[in-house]
Amino acid sequence: MKIKDLLLEFGITFCAAFLVTSVVGYVYRLFIHSNQGIDWVTSFKFGLIFAIILPWVHYKDRKKKDNNK
């Protein structure tokens, strides 16, 4: 896997995780706590965590499949 592919996958995963966490956090705070707002810090943290872990696991899985062929 090239660095360019890894960075692209990092960016896509970060955006997806950040957006989903923001929306879920907003809906949760709206309906459960009756106040509006987005917890940006938590959304950013989850985005970074998933953007690091998921491409790394995907890379390891591809590498393992290539070695078994």
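What follows is a set of questions and answers on a predicted model.

Visitor: How many helices and how many strands does the protein have?
Guide: In this predicted model, helix α1 covers residues 3-32, and helix α2 covers residues 40-68. The count for the protein is therefore 2 helices and 0 strands, since a helix here needs at least four residues and a strand at least two.

Visitor: What share of the residues counts as buried?
Guide: A residue counts as buried under 20% relative accessible area. The accessible surface of the protein comes to about 5,600 Å², of which carbon and sulfur atoms account for 69%. Of the 69 residues, the share that counts as buried is 14%.

Visitor: Is Ser43 buried or exposed?
Guide: Ser43 is found in helix α2, and, leaving out residues up to four places away in sequence, Ser43 touches Phe18, Thr21, Ser22 and Ile38. The relative accessibility of Ser43 is 1%, and because the limit for burial is under 20%, Ser43 counts as buried.

Visitor: Which backbone oxygen does the side chain of Thr21 reach?
Guide: Thr21 lies in helix α1, and, with neighbours within four places in sequence set aside, Thr21 is in contact with Thr42, Ser43 and Phe46. The side chain of Thr21 also comes to 2.7 Å from a backbone oxygen, that of Ala17.

Visitor: With which residues is Leu48 in contact, leaving aside its neighbours within four places in sequence?
Guide: Leu48 lies in helix α2, and with a relative accessible area of 31% Leu48 is partly exposed. The C-alpha atoms of Leu48 and Arg62, which are 14 residues apart along the chain, are separated by 22 Å. Once the neighbours within four places are left aside, the contacts of Leu48 are Phe10 and Phe14.

Visitor: Where is Ser34, the residue other than glycine with a positive phi, placed in the protein?
Guide: Phi of Ser34 is near 55°. Ser34 has a relative accessible area of 63%, and because exposed means over 50%, Ser34 counts as exposed. The place of Ser34 is the loop between α1 and α2.

Visitor: How far apart in space are Asn68 and Phe18, C-alpha to C-alpha?
Guide: Asn68 is found in helix α2, and with a relative accessible area of 64% Asn68 is exposed. In sequence, Asn68 and Phe18 are 50 residues apart, and in space the C-alpha to C-alpha distance is 35 Å.

Visitor: How far apart are the mean positions of the positive and negative charges?
Guide: The protein has 10 positive and 5 negative charges, where Lys and Arg count as positive and Asp and Glu as negative. The mean positions of these two sets of charges are separated by 3 Å.

Terms used. Residues are numbered from 1 along each chain as its sequence is written. This is a predicted model: local features need pLDDT of at least 70, side-chain atom pairs count only at pLDDT 80 or more; totals for chains, interfaces and linings use all residues. Side-chain values use heavy atoms; hydrogens and water are left out. Buried means under 20% relative accessible area, exposed over 50%, partly exposed in between (1.4 Å probe, protein chains only). Accessible areas come from the Shrake-Rupley method with a 1.4 Å probe; for residues, only the protein chains shown count as cover. The place of a charge is taken as NZ of Lys, CZ of Arg, CG of Asp or CD of Glu. A polar contact is a pair of N or O atoms within 3.5 Å; within protein, one must be able to donate a hydrogen and the other to accept it, and residues adjacent in sequence count only if both atoms are side-chain atoms. Contact means heavy atoms within 4.5 Å.
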